Amino acid sequence: MNTKVNFAGIEMKNPVTVCSGTFGYGREFSQFFDLGKLGAVITKGTSLKPKSGNKPPRICETASGMLNSIGLQNPGVEYFAQNDLPFLRKFDTKIIVNACGSSVDEYVELCKILNSLDIDGVELNLSCPNVKEGCMAFGNTYEGVKNVTSAVRKVLEKPLIVKLTPNVTSIAEIAKGVEDGGADAVSLINTLLGMKIDVNTRKPVLANNTGGLSGPAIKPIAVRMVYQVSKAVKIPIMGMGGIMNGEDAIEFMLAGAKTISIGAGNFVDPYTSIKTIEEIEEYMKKYNIENIVDIVGKVEMN
Ligand SMILES: Cc1cc2nc3c(=O)[nH]c(=O)nc-3n(C[C@H](O)[C@H](O)[C@H](O)COP(=O)(O)O)c2cc1C
């Protein structure tokens, strides 16, 4: 039985990764399990300079999900390189840095620094709904996505994955911008813009008023978008959005995702990603699947 996947040139021992912003830089989770069991770790969104993020409250629960408006709080790339990367490198897993910026120049500068680090790939976050200026401005048009992708492609010497927002009319068109800009892969979905109101105070629960919805509530939308993107582009897809177990992961892979990522599920149970790897293996045994990549895109439409 072979769970290995080559994703955008990154050799992963299995197709399971953890979503940016839901796993920090791995320290807390390393108390529960060996991070080397994961196909890859995707870091918290990291920017050129440190960012303090939005005011609290920044998260709240919703039916089958949660809203967050963290606003890309992070210590900046220099701190990451000195403190978090050496820690992550102790584990036998691949390291993908989620990169965020508020202008094309900032993304380019950041990626020049990332070139010099011992990391395996970069996931460009063009899709955060929680910062006023910045990534959303690039992420929701074909031209915007293509421009920033090609500018980064010119300087970045690592595998390039571009992460999409679902807050658009045609996800397939945006994914085409990623492919035409020269990226190696596309990942989707980021959170859906939402809002929750406290009826007693009549105020939104989040200090930022709105936030990004994630968790099982968004899974059917994410599966549909992965399917549509798989029909529109040839580059491989990393699927995410509400994955809680192996069955969910297989659903994304059948829809067309070559790898998958676990986000909010890490908050419900820190072992979610590990259990998902085990359940994928059980599925492979049950259906006599020799190579996990053989099921990618194998949904049989009605
Ligand atoms: C608390 C929190 C913080 C997040 N921070 C980031 C981030 O820094 N960069 C990014 O690209 N996505 C970020 N995301 C989005 C996730 O990576 C993922 O795309 C989304 O939550 C959907 O997956 P899920 O339903 O499994 O959580 C964040 C999500 C949550 C819940």
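This is a predicted model: local features need pLDDT of at least 70, side-chain atom pairs count only at pLDDT 80 or more; totals for chains, interfaces and linings use all residues.
**Entry 1: who surrounds the ligand**

I began with the neighbours of the ligand. I found 23 residues around the ligand, and S20, K163, G215, G242 and A264 come nearest. Next I sorted this shell by residue class. It divides into 14 polar, 7 nonpolar and 2 charged residues.

**Entry 2: backbone contacts**

Which backbone atoms lie by the oxygen atoms of the ligand? For A264, a polar backbone atom is 2.7 Å from a ligand oxygen. For G263, the distance from a polar backbone atom to an oxygen of the ligand is 3.1 Å. For G45, a backbone N or O atom lies 3.2 Å from a ligand oxygen.

**Entry 3: where the ligand sits**

**Entry 4: cysteines**

How many disulfides does the whole structure have? My search of the whole structure found 0. I wanted a reason for C111, so I looked up its sulfur: the closest cysteine sulfur, in C100, is 11 Å away, which is too far for a bond. A disulfide would need the two sulfur atoms within 2.5 Å. I noted burial as well. C111 is buried, because its relative accessible area is 0%. C19 also counts as buried, at 9% relative accessibility, since the cut-off for buried is under 20%.

Definitions and conventions: Residues are numbered from 1 along each chain as its sequence is written. Side-chain values use heavy atoms; hydrogens and water are left out. A residue is near a molecule or strand if one of its heavy atoms lies within 4 Å of it. A polar contact is a pair of N or O atoms within 3.5 Å; within protein, one must be able to donate a hydrogen and the other to accept it, and residues adjacent in sequence count only if both atoms are side-chain atoms. Ala, Val, Leu, Ile, Met, Phe, Trp, Tyr, Cys and Pro count as nonpolar, Asp, Glu, Lys and Arg as charged, and the others, Gly among them, as polar. Buried means under 20% relative accessible area, exposed over 50%, partly exposed in between (1.4 Å probe, protein chains only).
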